[in-house]
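Please look at the model below before reading the points.

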Amino acid sequence: NNNNNENSNNNSNSNNNSNNNNNSNNSKIIKHIHFIGLDSDLEKSYSASIPTRKALDLDGDVLIAFEMNGQQLPKDHGYPLRVVVPGTVGARSVKWLHRIILSENENKGHWQQNDYKGFSPIIDWHNVDFTKAPAIQELPIQSAIMQPINNSKINKNEKFIEMKGYAWSGGGRAIVRVDVSIDGGKNWFIADLQSPNQTIDKSWAWTLWTAKVPIPENLLNDSSSSSSLSPQSFELVCKAIDSTYNSQPETVTPIWNLRGVLSNSWHRVKVLKSND
């Protein structure tokens, strides 16, 4: 009897192991969430995907939106449903949503596999291989000057240049500082941040900034070629720093890429001196 019981137990264990192996082989790990839109372009429907960890993270704030500002979602913004993936390139926030697919693989659509990817400056259309780069998800830090506008004028008697702009970083990383300059980056001033009600790791919206930069008298009156400024203009510059101390490159040259994506070099605005 003991032998029979032992054989029975062995058979039972063998069956359980077999079932476990089958379940293991049949199960799939969901790594990507696909969003399929109703609009079409280079394929049947526009589609994109994001990692599951972003989609299911309670702090990721991914939304399926049907309203905007308390009103029905406008058609141009994706009525009746759209995805909102904050901190991520807009190409993943699919409009006119009609399907969601859970998958172990990344979306195979054109805009996920053959666009919105960054490459070295030495890569161009004759030698690009889109399989060699990952799809863009979180975007790099960026900032821009919104006031004054390019080629605006400032009277030579003015004592200050007032600047306004915005800064933002991907992944919800907060903007902790914006530096501005009126001489192309030779001398810097720290702008005042007007932060919205956001936490340091969930800063999805723009951070607005302002700066009132004093103009040294010698820079307004100096017309010599050795001046740190052009005799006829100021070069305004801004650059931002986020909560993980990412900053912006000085020029676009080292980050140039054939699609023009991820371009986040210092923003520059030219302001002309005027006698009026």
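Is Y116 buried, exposed or partly exposed? Y116 is partly exposed, with a relative accessible area of 25%. Here buried means under 20% relative accessible area, exposed over 50%, and partly exposed in between, with a 1.4 Å probe and protein chains only.

1. Basis of the note. This is a predicted model, in which local features need pLDDT of at least 70 and side-chain atom pairs count only at pLDDT 80 or more, while totals for chains, interfaces and linings use all residues. Residues are numbered from 1 along each chain as its sequence is written, and side-chain values use heavy atoms, with hydrogens and water left out.

2. Y116 lies in the loop between helix 3 and strand 8. Helices (H or I, at least four residues) and strands (E, at least two) are DSSP runs, numbered from the N terminus. Although Y116 is not a glycine, its phi is positive, at about 50°. Ring pairs link Y116 with Y46 and W111 into a cluster. The charged end of R259 also sits over the ring of Y116, 5.8 Å from its centre. A charge sits over a ring if NZ of Lys or CZ of Arg is within 6 Å of the ring centre and within 35 degrees of the ring normal.

3. The charged end of K273 sits over the ring of F234, and the distance to the ring centre is 5.3 Å.

4. Salt bridges. The structure holds eight salt bridges. The term stands for a side-chain nitrogen of Lys or Arg within 4 Å of a carboxyl oxygen of Asp or Glu. One of them joins K202 to D61, with the closest N and O atoms 3.2 Å apart. K202 is in the loop between strand 13 (192-194) and strand 14 (207-214) and D61 in the loop between helix 2 (52-56) and strand 3 (63-65), so the pair ties together parts that are 141 residues apart in sequence. K202 is partly exposed at 23% relative accessible area, and D61 is partly exposed at 27%.

5. R173 and D242. A salt bridge connects R173 and D242, whose closest N and O atoms are 3.5 Å apart. R173 belongs to the loop between strand 10 (160-168) and strand 11 (175-181) and D242 to strand 15 (residues 233-242), so this pair ties together parts that are 69 residues apart in sequence. D242 is buried, with a relative accessible area of 0%.

6. E235 and R268. In the salt bridge between E235 and R268, the closest N and O atoms are 3.1 Å apart. Since E235 is in strand 15 and R268 in strand 16 (residues 267-274), the pair ties together parts that are 33 residues apart in sequence. E235 is partly exposed at 33% relative accessible area, and R268 is partly exposed at 29%. Elsewhere, salt bridges that share partners join D59, D61 and K202 into one network.

7. Aromatic pairs. How is a pair of aromatic rings described? The distance of the centres and the angle of the planes are used. Rings of Phe, Tyr and Trp (its six-membered ring) pair if their centres lie within 6.5 Å; planes under 30 degrees apart count as stacked, over 60 as edge-to-face and the rest as tilted. By this rule the count comes to six aromatic pairs. The rings of F119 and F130 have centres 5.4 Å apart and planes at 90°, so this pair is edge-to-face. F119 and F130 are 11 residues apart, and each lies in the loop between helix 3 (110-113) and strand 8 (142-147). F119 counts as buried at 13% relative accessibility, as does F130 at 12%.

8. Y166 and W206. The ring centres of Y166 and W206 are 4.2 Å apart and the planes are at 10°, so the pair is stacked. Y166 is in strand 10 and W206 in the loop between strand 13 and strand 14, 40 residues apart. Y166 counts as buried at 18% relative accessibility, whereas W206 is exposed at 51%.

9. Backbone details. Most residues other than glycine have a negative phi, and most peptide bonds are trans. L262, a residue other than glycine, has a positive phi near 60° and is found in the loop between strand 15 and strand 16. The peptide bond from Y79 to P80 is cis, with omega near 5°, and P80 is in the loop between strand 5 (71-72) and strand 6 (82-84). The peptide bond from Q147 to P148 is also cis, with omega near 0°.
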